[in-house]
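Here is a friendly walk through one protein model, from the whole chain down to single residues. Have the viewer open and follow along.

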Amino acid sequence: MILKTLKNVAIAAFCSMLAVPAMGQDLLANQAPIDRKMSTVDTLMMQQLIKNEVWESSAAADLYESWNESEAVYVPTALPDTFRVNLRGFCMPTDHRQVTSNFGARWGRQHKGLDIKVYIGDTIRAAFDGIIRVVRYEARGYGKYVVIRHYNGLETTYGHMSKQLVREGQEVKAGTPIGLGGNTGRSTGSHLHFETRLCGVALNPALMFDFKNQDVVGDYWIFRRSTYNRESSQATRLRGTGGIYRGGDGLFAGNNSKSSAKSSNKERVQSRNHKIKKGETLFSIARKHGTTVDALCKLNHIKKNVTLKPGRVLRY
């Protein structure tokens, strides 16, 4: 009887010893998903803290209250008289080099950026490090577009894309694919509409970007309100389509010196006539000067199929 009792106790004890590890394994298995969730939360919090720290130490923090004003496409703030933009670490938004339309007056309205020839499906990339602020669609304007606020203080806009590859609030590095070239919105052919803005004010991208040479103008570019118009006009002649800048967006009128104003007036008078060169067409002339073939024909009392003779002067 005693031996039978001891045998039962031994069996019970052995079973208990086997059960303890099993229970421990069950506890560990139940704890694993919780640990993974906490790890994810910790990672997200750490990423947000790092993003906030980077933002607060950036040049953009001196211009904007925060990086996430996603309610407005453009956030107008006080524009400084001078501001140095760090252009180092840039990436050209596209590999294409052909500028098809300048910044400035066009067809009776202001063209706020440069148009770059791209094809549907071409990769469009972020120009500098920054945070995606706007990802939207505008049927009668930019089409599918993205706005990035960069740590160097600039905001860049990429319009008429066929697809957006990023989301609002996402941090991107220079060169990150943000979309694909397209022809959406108010567009007559596949191209990239590229804007550069400072404090919500559209500035001529040709002041900083040289698409023909796939480069920027230097390590830094300094915005000066007093000389902006003159510098923008010169940048268009050097890095635009070859046409003449005709007044920008008008936000800096009256800030130039008298000599700069006289120079701008002289440029506007000279820009009314075009001397035809060998190989030119009505379309190429219209595109060069930001007008249309119909407008050229109407102004010069000619038909679209007219033979253009080198040396003849057209008004536009």
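## Contacts and overall make-up

Among contacts between residues at least 6 apart in sequence, 65% join residues at least 24 apart. Please keep in mind that this is a predicted model. The protein chain holds five helices and 19 strands.

Of the chain's 316 residues, 41% count as buried. The accessible surface comes to about 17700 Å², and carbon and sulfur atoms account for 55% of that area.

## The largest pocket

Which elements supply the lining? At least two residues each come from strands E2, E3 (104–106), E4 (109–111), E5 (114–117) and E13 (191–198), and from helix H4 (282–288). The largest share, four residues, belongs to H4. By residue class, the lining divides into 21 polar, 12 charged and nine nonpolar residues.

## Thr100 in strand E2

Strand E2 spans residues 99–101, and Thr100 sits in it. Is Thr100 buried or exposed? With a relative accessible area of 18%, Thr100 falls under the 20% cut-off and is therefore buried.

Leaving aside residues up to four places away in sequence, Thr100 touches Asp115, Ile116, Lys117, Thr241 and Arg287.

Helix H2 covers residues 228–239, 12 residues in total. From its first C-alpha to its last it reaches 16 Å, close to the 16 Å expected at 1.5 Å a residue. The buried residues in H2 are Tyr228, Asn229, Glu231, Ser232, Ser233, Ala235, Thr236 and Arg239. As a reminder for reading such a list, an α-helix has 3.6 residues a turn, so residues three or four places apart point the same way.

Arg225 lies in the loop between strand E17 (220–224) and H2. How does its accessibility compare with the cut-offs? Arg225 has a relative accessibility of 22%, and because buried means under 20% and exposed means over 50%, Arg225 counts as partly exposed. Arg225 and Phe83 are 142 residues apart in sequence, yet their C-alpha atoms are 9.1 Å apart in space.

Definitions and conventions:
Residues are numbered from 1 along each chain as its sequence is written. This is a predicted model: local features need pLDDT of at least 70, side-chain atom pairs count only at pLDDT 80 or more; totals for chains, interfaces and linings use all residues. Side-chain values use heavy atoms; hydrogens and water are left out. Buried means under 20% relative accessible area, exposed over 50%, partly exposed in between (1.4 Å probe, protein chains only). Contact means heavy atoms within 4.5 Å. The expected span of a helix is 1.5 Å times one less than its number of residues. Ala, Val, Leu, Ile, Met, Phe, Trp, Tyr, Cys and Pro count as nonpolar, Asp, Glu, Lys and Arg as charged, and the others, Gly among them, as polar. Accessible areas come from the Shrake-Rupley method with a 1.4 Å probe; for residues, only the protein chains shown count as cover.
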